[in-house]
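Please walk through this structure with me, moving from individual side chains to the ligand and then to the chain as a whole.

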Amino acid sequence: MNDPRLHPPPIDGPADPTRRWFQHAVFYEVLLRGFYDANNDGVGDLQGLREKLDYLQWLGIDCVWLLPFYPSPQRDGGYDISDFFDVHPDYGTLADLEGLLHDAHQRGIRVVADLVMNHTSDQHPWFIESRSSRTNPKADWYVWNDDDQRWPEARVVFTDVERSNWTWDDRRQQYYWHRFYSHQPDLNYENPEVAETMVDLVRFWLNRGFDGFRLDAVPYLFQRDGTAGEHLPETHSYIRRIRKHLEAEYPGRVLLAEANGWPADVADYFGNGDECQLCFHFPLMPRLFMAVRREQRYPVTEILSQTPEIPDGCQWAIFLRNHDELTLEQVSDEDRDYLFSEYAKDPRMKRHMGIGRRLAPLLDGDRRLAELLYALVLSLPGSPVIYYGDELLMGDNMYLGDRDSVRTPMQWSPDRNGGFSKADFAQLYLPPLMDPVYGFSAVNVEAQQRNPGSFLHWLRGMLVHRRSLPMLGVGSMDVLDCPNPSILAYVRAGEVADLAISPEGRLPGTAPEPTGSPLVVPTWEAWEEGERSVVTPPAGVVAPDLVSLGRRHQTVLCVHNLSRFAQPAELALARWAGQTPVEVLGRVPFPPIGDDPYTVSLGPYGYLWFELVEQAPDPGEGAG
Ligand code: GLC
C-alpha cells in the first residue's frame, strides 16, 4: 500500500479542479438489501457491495447511488428511518460503510447517499417523544394540528393507500402531518433545532466520505397556508443553506434533487447554480415509453422544448427505471390511461400512480427496444442513472406487494439463490426470480459476462463510447427537423480537450482504457492552469496524471428510429455541409454531408451515433 496511486484519490480539490465530475458521470442505483449478501443471512449488505465493486468498475459506472441504509422498520423500503446517524444492523456497521467508501474511491468510483430529510419513521425516538405530550422537548419537531383541515390544497401522494396527509394520534390527541405513508411523520423545518440537526446530519455523512446526496422528497420540507406545500421559497432557501456548507467545507460534493414535477418547477432546484447541482428529469421518463409505443418523437421533443436552460455547473439526471413505480404523475389523464393500457395490461401491475415493473418486462423483453431506450438515455442532455439489474435486463415479480415487485435480489449466477446469497431460500428478504424468461438461471451476470453478445456487454461498450463523447453529457442540444415523425435526431456539440494518460496513471492489473488514448474530456476541466493537471479519473484509472494534447470542437449526431419497422431518415444537416459523419461504434466514415437533406436508413428500433469530423478518415481505420 506504499504505492501512492493506491491511495484514495482526493474526492475534491485537485482530482477535479472544476468539481463538475457529475456532469459526465454515469450513476448506478444500488438497493443494498438486494445486491449481494456477503454474510449469508438472506439480506444484502455493505460488505457484499464492497465485494462487487470490481464488477461495477468493470461495467464502467462512475458513481453509486446508495438507497437508504439507515436503521428502519422497513415499511417503506428503508425510507422510513428510525435513526439518521447509523447503519441498519442487517447491512453492517459504520466501519463497513467507511470501508466501502474507501474501496470505491480507490477504484475512482464515487458514492452518493440517499438522504431522507422530509420525514422519519413513526418508530424514530424523536417522534415517540414528540407524540408523548404537547410539552416535551421534541413537541414541535413534527407538524401537529388540532384538526385535519389545514392545508387542503396539498395533494396526497399515495392516493391508493392514504386518504389524507393528516393522521390522528390518540396519545397526543392531535393530528400529525405526513406527505407519504401515515407511518412517516414529516419533520417540522420551521423549528430551528430540526433545521440545524439536519445540517449536522449532512456533515456527519460527508465526513464519512460520501460524495453527495440524493435529496429524497425534497419539495415538501415546508408548508404554508394557501399553498400546495410544494416547491416553497422556504424550501429553496433551506437547500441553499445546505449547499453553502458544501461549498465552504466539502467542495466537489453534490446534491441531487428528487423533485417529481414539471421541468420549469424542478429547474428551480438548481437555483442560480446555488442549490442542487443535479435534478432528476421525471417527466422525460414516461414520455420515452410513450414515444416508442406511439412510434413518434413528439412526446420527447415536446417535453424537451418545455425544459428550461439550466445554470452553468448543473445537470439533469435522466433514467428509464428506478426503485419505485414508473410514475405517471406528470402526464395528462389521457396519456396516463394510454400508458396504463399499453404497459400495465394486468391491473396488478399498477402501483400508486404508476406501474411497478422493470425495464425488460415493460418492453416485452425486446432487446432492440431496450438498446434504443438506453441509446436515448445515454445521449440526451443529462447524466444517466442505471437501476441495478437493468444492465442485465432483469425481470420483476408483480405478485410481490408495493415496490417489492422491482426490488428482488440481483442475479449474479445460475447457482442457488441466483448467487445472491448462500442463506436458505426461505430466509431471503425476497424470493429471487425463477421464472423461465427472467429467472436467474436464464438472466445472470456470470452468463452475460461470458457471452460477448449479451446485453451486459453491449451496455458496457456503450458506456465506453459515451466516455469518449463528453459532449453527450454537457454539449449543446439541437433537435433536427425530419419529415419522418418516427425519427428522433439531434446534434450535441461543444469544446473538448484531448488528454493523454501518462503511463504512471494506470493501476497495475487494470484493463487498458478501452477507448485507448487520447482520452477526451470537456474543456471545463480547468486546462487554463497549464499543460499538466489531474482530472476526474475514468474507470480503471486512479487519479491519473494527464497531459493535454489540445482542444477541439466535438459534434455528435444521434439518430434514433422509434418505430418497430425500418425507417428512412432525411435530416436537415446543411449547417454541417462538408463534414463527414463517422459512426461512433465502428469508426466507419459515412458519405460527407452536402447541402441537400442527408439520408440514412435505420432498422427496427435502430440508432446511429456519428461524430462529425472535418476530414474523412481513411475507411481502413474503421473497426476490424
Ligand atoms: C421517495 C422514494 C420512495 C419513497 C418516498 C417516501 O419518493 O423514492 O421510495 O416511498 O420517497 O419516502
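Arg224 is partly exposed, because its relative accessible area is 36%, a value that falls between the two limits in use, buried being under 20% and exposed over 50%, with a 1.4 Å probe and protein chains only. The model is a predicted one, in which local features need pLDDT of at least 70 and side-chain atom pairs count only at pLDDT 80 or more, while totals for chains, interfaces and linings use all residues. Residues are numbered from 1 along each chain as its sequence is written, and side-chain values rest on heavy atoms, with hydrogens and water left out.

Arg224 is placed in the loop between strand E7 (212-216) and H7, where helices (H or I, at least four residues) and strands (E, at least two) are DSSP runs numbered from the N terminus. Apart from residues up to four places away in sequence, Arg224 touches Trp151, Leu232, Pro233 and Glu234, contact meaning heavy atoms within 4.5 Å. With Glu234 there is also a polar contact of 3.0 Å between the two side chains; the term stands for a pair of N or O atoms within 3.5 Å, and within protein one atom must be able to donate a hydrogen and the other to accept it, residues adjacent in sequence counting only if both atoms are side-chain atoms. The C-alpha atoms of Arg224 and Arg150 are separated by 9.6 Å, although the two residues are 74 residues apart along the chain.

The loop between E7 and H7 also holds His231. Leaving aside neighbours within four places in sequence, His231 is in contact with Pro219, His236, Asp265 and Tyr269, and its side chain makes a polar contact of 2.8 Å with the side chain of Tyr269. His236, in turn, belongs to helix H7 (residues 233-249), and it counts as buried because its relative accessibility is 8%. Beyond residues up to four places away in sequence, His236 touches His231, Asp268, Tyr269 and Glu275, and the side chain of His236 reaches the backbone oxygen of Asp268 at 3.5 Å.

Turning to the ligand, there are 13 residues around it, of which His119, Asp216, Glu258, His323 and Asp324 come nearest; a residue is near a molecule if one of its heavy atoms lies within 4 Å of it. Polar side-chain atoms lie 2.8 Å from a ligand oxygen atom in the case of Glu258, 2.5 Å in the case of Asp324 and 2.9 Å in the case of Arg403. The protein covers 96% of the 310 Å² of accessible area that the ligand has on its own, areas being computed by the Shrake-Rupley method with a 1.4 Å probe and, for residues, with only the protein chains shown as cover.

Elsewhere in the chain, Glu371 is found in helix H13 (residues 367-377) and is buried because its relative accessible area is 14%. Leaving aside neighbours within four places in sequence, Glu371 is in contact with Phe455, Trp458 and Tyr607, while its C-alpha atom and that of Leu459, 88 residues apart along the chain, are separated by 8.0 Å.

For the protein chain as a whole, there are 16 helices and 23 strands, and 64% of the 624 residues count as buried. Among contacts with a separation of 6 or more, 71% are between residues 24 or more positions apart.
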